[in-house]
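Subject: Structure for you to look at

Hello,

Here is the structure I said I would pass on. Please open it beside this email and follow along; my notes come after it.

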Amino acid sequence: MDNFYRDNILDHYKNPRNFGRLEKADATNEEENVTCGDKIGIDIKFEIRNSKLEIKDVKFHGEGCAVSTACASLLTETVKGQEISKIMMMNKEDILKLLGIELSLSRLKCALLPLEALHKTIAIFQNKK
Ligand code: ZN
């Protein structure tokens with residue numbers, strides 16, 4: 001495993017960015033990974049800028065292992081201020097690029113949980129409109 005990425009993941013696990021709850025979030029959702037016991041919840045505030053829907057602010061909460069927590073931290077940093085249409089196209093490859101390490105199949109579920117929670121939170125908001 002590459003040291004830079006390993007240290008980066010440990011840093012995000014120990015000092016998660018965007019951890020907590022958003023007051024008056026436009027949408028919220030929580031997902032669970034039963035195989036590991038991870039629970040990741042996402043709160044989002046949206047904003048329309050240049051007639052495009054974007055994430056104005058995002059926070060995550062819950063309890064997860066090192067991989068799911070670090071991934072939620074990295075992901076929330078990445079998507080803040082981004083267009084929803086681009087975020088909805090993010091997939092497994094984008095998450096692996098963010099993490100920069102090889103993952104076993106069970107760890108991959110942990111890594112993908114925050115993205116799943118994020119996508120569902122966006123879908124909940126879009127269905128409300
Ligand atoms: Zn996990």
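A kink of about 35° lies at Leu112 in helix α5, shortly before the proline Pro114. Keep in mind that this is a predicted model.

The helix itself runs over residues 105-128, which is 24 residues. From its first C-alpha to its last it reaches 34 Å, close to the 34 Å expected at 1.5 Å a residue.

Next, look at which side chains of α5 are hidden. The buried residues of α5 include Leu108, Cys110, Leu113, Pro114, Leu118 and Phe125. Among the elements that cover the buried residues of α5 are the strands β1 (27-33), β2 (38-49) and β3 (52-63), and the helices α2 (66-79), α3 (84-87) and α4 (92-99).

The largest nonpolar core has 33 residues, and Phe46, Ile55 and Leu118 have the most contacts inside it. At least two residues of this core come from each of β2, β3, α2, α3, α4 and α5. The largest share, eight residues, is supplied by α5. Beyond its neighbours within four places in sequence, Leu118 touches Ile42, Ile44, Ile55, Val58, Leu75, Val79 and Ile87.

Last, find Cys65, in the loop between β3 and α2. Is Cys65 buried or exposed? Its relative accessible area is 16%, and buried means under 20%, so Cys65 is buried. The C-alpha atoms of Cys65 and Phe125 are separated by 27 Å, with the two residues 60 apart along the chain.

Regards

Key:
Residues numbered from 1 in each chain as written. Predicted model: local features only at pLDDT ≥ 70, side-chain atom pairs only at ≥ 80, totals over all residues. Heavy atoms only, no water. Helix = DSSP H or I, 4+ residues; strand = E, 2+ residues; numbered from the N terminus. Expected span 1.5 Å × (residues − 1). Bend = angle between axes of the 7 residues up to and from the residue. Buried < 20%, exposed > 50% of the residue type's maximum accessible area, 1.4 Å probe, protein only. Contact = heavy atoms within 4.5 Å. Core = buried A, V, L, I, M, F, W, Y, C linked by side-chain atoms within 4.5 Å.
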